[in-house]
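Hello,

Here is the structure for you to look through. My notes on it follow below.

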Amino acid sequence: MIILPMSPWKLALVVFLLAASCTQANISSGSKSSNSAKSFQKPLIRHTRALGFFQKIAEVGRLIYQQYNDTTWTLQGIYDVARNEFTDTFTTTTPNPLLPTTTPDPSTSTTEKYRISRAELGRILNRNYRGLQKLFRLEWNEAWNQTKYNVAFYKQELNNAIKPRPNTTTTTVRP
């Protein structure tokens, strides 16, 4: 067996590690004897782990799928309401003047719900759009004019703040 010369700090490190391992062995053997006293020991609680990477991906995919389905069903409901509430102007029929008109019995007849045509809705929306454009132009012009006054007022206030005011309260000594 060949013994290599060791530097003093390496020897100190080896001794420290051996002492630490012996101390750890004494602590672990001593803890076994203290297991008999269960009243002082805390109960072991297993903490639930957070979701893993693939579980998170699956959860996000499920949420996206649910959002897609909810959006699809909502839009389908809106489209159904819009389709059923409007009439087309070209589908309405005019009564034939050659046929005799009959007056329906008021006690048995029910009046059909008024339904607006798509063309009439287009006219209403177009009128509203033009009104909003006019309102926007008026508000824009008013804001532009107000800005001119605000800038002029700001410049006046700035000039008043920068220029020194003449001292009007001078005291004169009277003989």
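The protein chain contains 3 helices and 0 strands. Read from the N terminus, its elements run α-α-α. Please keep in mind that this is a predicted model, and that the values in this email are computed from it.

Overall surface

How much of the chain is buried? Of the 175 residues in the protein chain, buried residues make up 2%. A residue is called buried here when its relative accessible area is under 20%. The protein chain exposes about 17800 Å², and carbon and sulfur atoms supply 63% of that area.

Salt bridges

How many salt bridges are there? The count comes to 2 salt bridges. Here the term stands for a side-chain nitrogen of Lys or Arg within 4 Å of a carboxyl oxygen of Asp or Glu.

One of them joins Glu59 and Arg62. The closest N and O atoms of this pair are 2.5 Å apart, and because the cut-off is 4 Å, the pair qualifies. As for the surface, Glu59 has a relative accessible area of 32% and is partly exposed. Arg62 is partly exposed too, at 38% relative accessibility.

A salt bridge also links the side chains of Asp80 and Arg83, with 2.8 Å from N to O. Asp80 and Arg83 both lie in helix α2. Their spacing is 3 residues, about one turn of the helix. Is Asp80 buried, partly exposed or exposed? Asp80 has a relative accessible area of 28%, so Asp80 counts as partly exposed. Arg83, with 46% relative accessibility, is partly exposed as well. Exposed would require a value over 50%.

Phe53 is found in helix α2. At 58% relative accessibility, Phe53 counts as exposed, because that value is over the 50% cut-off.

What to look at

Regards

Notes:
Residues are numbered from 1 along each chain as its sequence is written. This is a predicted model: local features need pLDDT of at least 70, side-chain atom pairs count only at pLDDT 80 or more; totals for chains, interfaces and linings use all residues. Side-chain values use heavy atoms; hydrogens and water are left out. Buried means under 20% relative accessible area, exposed over 50%, partly exposed in between (1.4 Å probe, protein chains only). Helices (H or I, at least four residues) and strands (E, at least two) are DSSP runs, numbered from the N terminus. Accessible areas come from the Shrake-Rupley method with a 1.4 Å probe; for residues, only the protein chains shown count as cover.
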